[in-house]
Amino acid sequence: MKIKANVEKVRLDKYLVDALAESTEYSRSYIQTLIKDGNVIVNGNVETKQNFNLIGDIEIEINIPEVKTSTINPEKIDLDIVYEDDDILVVNKPNNMVVHPGAGNTEGTMVNALLGRDAEFLSTIGGIERPGIVHRIDKQTTGLLIVAKNDKSHQVLTEMLKNHEIYKEYVALVWGEIKEDKGIIDAPIGRHQNDRKKMMVTSKNSKYAITNFDVIKRLDKTTLVKCAIETGRTHQIRVHFNFIKHPIVNDPSYGKLAEKQTDFGQMLHAYKLEFLHPITKEMVKLKAELPKEFTDKILQEGGVENDWKTI
């Protein structure tokens, strides 16, 4: 693909996004990857800087790499589909399911299940290892997850996430009694200094993170809360509640050291999603009921069934 033009001063990535907008569905992130990987030639020279400034007469050659074949095995795994149309689907992710393959997890992931369901109707922007995956939730966090079925919806959803235009609400059971009825945890999160698999509240090499919470019910030794996150940092809710000395019940990484862990994992559930549909622009409002193991634990702590039915 070649482009010849005369332009005023403009960034290379921005120019390509605008120039290709009508003829392709390539996202800005995909175009930036093409540049970084040396697939864009400007006036005869390979250019790997996405912020390279174009000016005057230019000739750009873009080499689109051949799509690699996925080595991920499709698997017939039943999924709880909460919503589906031609552009997106929303899954109620079960406990102990990893979203996409990685080191030590090559089978039984959400991607394996999605490929086993219908490999042709998944976006490709995430690459061959993450088809359709727009965002993630932890292995032992249950609840709602959006999947893109084409590149256009994926591109729009990615921008919506970046601009905080998708409302995500979680329900968590945390240790101790939270005295405030509601609160805001505003604390930056970065990689743990001693354990690279974990995150922590820190001012070093961190990103701002904000979690809003409301108390649903104070139980015997725990508090049931709902959380709305303004940012989507890794392990954000788990790290934030550990930071305020109310770790999530049964959290294997950030929980109480003396707590006897179970296979279910942390009591954290992605309960609600509200967003404008990326293509139709109609409002989508979805809920996913809490897993039985979660509700059983609430009952053990002295709660009643209506405690989570009213949220």
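In the hairpin formed by strands S15 and S16, six residues lie between the strands, and among them Lys281 takes a positive phi near 65°. Strand S15 covers residues 268–276 and runs antiparallel to S16, to which five bridges join it; two strands are said to pair if DSSP finds at least two bridges between them, and strands themselves are DSSP runs of E with at least two residues, just as helices are runs of H or I with at least four, both numbered from the N terminus. Within this pairing Leu276 stands opposite Met283 of S16. Strand S16, residues 283–287, has a covered face made of Val284 and Leu286, while Met283, Lys285 and Lys287 make up the uncovered one.

This is a predicted model, in which local features need pLDDT of at least 70 and side-chain atom pairs count only at pLDDT 80 or more, whereas totals for chains, interfaces and linings use all residues. Residues are numbered from 1 along each chain as its sequence is written, and side-chain values use heavy atoms, with hydrogens and water left out.

A second hairpin joins S13 to S14 through three residues. These two strands, S13 and S14 (residues 222–229), pair in the antiparallel sense over seven bridges, and S13 (residues 210–218) also pairs with S9 (residues 182–186), again antiparallel, over five bridges.

Asp138 is found in the loop between helix H3 (110–118) and strand S7 (142–148). Leaving aside residues up to four places away in sequence, Asp138 touches Lys93, Met97, His235, Arg238 and Gln266, where contact means heavy atoms within 4.5 Å.

Two charges sit over rings, a term that requires NZ of Lys or CZ of Arg within 6 Å of the ring centre and within 35 degrees of the ring normal. The charged end of Arg233 sits over the ring of Tyr208, 5.2 Å from its centre, and Lys256 lies over the face of Trp175, at 4.2 Å from the ring centre.

For the protein chain as a whole, there are seven helices and 16 strands, and 47% of its 311 residues count as buried, meaning under 20% relative accessible area with a 1.4 Å probe and protein chains only.

Definitions and conventions: Buried < 20%, exposed > 50% of the residue type's maximum accessible area, 1.4 Å probe, protein only.
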